[in-house]
Amino acid sequence: MSGVLWAKPGIDIDADIQRFCAGDDVVLDREFIRYDIRASAAHAEGLRNIGVLDERECASLLAELERLDADVAEGRFLLDAPFEDMHSAIEARLIERLGDVGKKIHTGRSRNDQVLVASRLWLRDRLRHAEALCLEVVEVALLRAEREQHLPLPGYTHLQRAMVSSAAMWWAGFAEAFLDDAERLRATTRWIDANPLGSAAGYGVNLPLDRDHTTAALGFGRLQVAATYAQLSRGKFELAALEALGSALLDLRRLAWDLSLFTSAEFRFVSLPAKYTTGSSLMPNKRNPDVVELMRGAYASVAAAKIEVEQLLSLPSGYHRDLQFSKGALVHGFGRGLAALGLLPGLLRELLWIEDRMRAAIEPSMYATDLAVELAASGLPFRDAYREAANPARWAERDPQASLRARTSPGAAGDLQLGVLAARWEAMKQG
């Protein structure tokens, strides 16, 4: 590892110790380096605004940062072992190409606020992507709910057949769930959308840094004012972001559990396109719903990331190197979580209901609640009606569509109020 930023004459650097301290930063920082480059450009403009850089120096830094960004994007520059981290790599490149001008880029900043702003920008983008995926799920669910309002589906409690439900009710439930998830992701994005750049190591610097400029240049919603809080927020903001993502992944897990059951031979309510299944290495007769099962398992990675970040936060104020470990948790949690969410809209568009199996699973006992309510509506006290309807002799085959149409309580099959959900979806799509 060459050229660590903090090297001083007379200080020996032990390679094993340095490897331990660097950890996986060089690999993980590949996720964040383009955001660090963006923030470096905004910082250079801020230094120009207060006279630390002249116009020519600033222009040369901006041009070189733009070239470096293109090299990273197109694979010509790879963050690798010779560098301690992305910050040292960017500074080394600027010094190599621009000499003394490159050495000026770090004026007034610390790697502490550099990693804060890069990870904050990265998180903001990923939260917005997660929100967009949730809204895409809502769109699919609402379209299918509208089309499948009269398709009966057994409703379960305790995994026992309970009442007549419908495919539309199933879709509407997940539409509203992912609407809530999208709103939580958006609210979290707004909350973390605060610029920490210019807080330096957490105590400011003796320069009138133009923090308002970097806030605007990087598109932040507000300035994170207190230099000390910028450091205190590291981990806290990441944890909030993982919690918001985790909310969507929990709903995905429940949906995936339903599909795991519905695709089994015992239920056989759903058929998946072959591309969402795999074969067995031993059993030629098998097609396995591996995509659904991995979707179901993806929440575990988000939960693990939350725990890892939370356990790092039992620290006093100020910066501590422990926080370096939060980067790996973020990359792993968001990487696996977004990959699972990203496949969900397509799977939901393409899944097929096996209608004859769904109808065959509707049995007379599932109309008992309808009977109890009908008796109560005719004047019988509900507890007496309940006992009457519990008698299997009173059970009989009925029309499932008629049962669904009669369920007129708001949000039930006869009054799904899909328009209310669609209005919320439209409002969110419009920002």
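Here is a walk through the salt bridges in this predicted model. Local features need pLDDT of at least 70 and side-chain atom pairs count only at pLDDT 80 or more, while totals for chains, interfaces and linings use all residues. Residues are numbered from 1 along each chain as its sequence is written, and side-chain values use heavy atoms, with hydrogens and water left out.

Side chains of opposite charge can pair when their charged atoms come close. A salt bridge here is a side-chain nitrogen of Lys or Arg within 4 Å of a carboxyl oxygen of Asp or Glu, and that rule gives 29 salt bridges.

Let's start with Asp 69 and Arg 34, whose closest N and O atoms sit 2.8 Å apart. Asp 69 belongs to helix α4 (residues 55–73) and Arg 34 to helix α3 (residues 33–49), so this pair ties together parts 35 residues apart in sequence. Helices are DSSP runs of H or I with at least four residues, strands are E runs of at least two, and both are numbered from the N terminus.

Next up, Lys 275 and Glu 350 meet at 3.1 Å, N to O. Lys 275 lies in the loop between β5 (270–271) and β6 (278–279), and Glu 350 in helix α13 (residues 326–350), so the pair links parts 75 residues apart in sequence. Lys 275 is exposed at 58% relative accessibility, whereas Glu 350 is partly exposed at 31%. For the cut-offs, buried means under 20% relative accessible area, exposed over 50%, and partly exposed in between (1.4 Å probe, protein chains only).

Asp 370 and Arg 407 also form a salt bridge, at 3.6 Å, N to O. Asp 370 is buried at 11%, and Arg 407 is buried too, at 14%.
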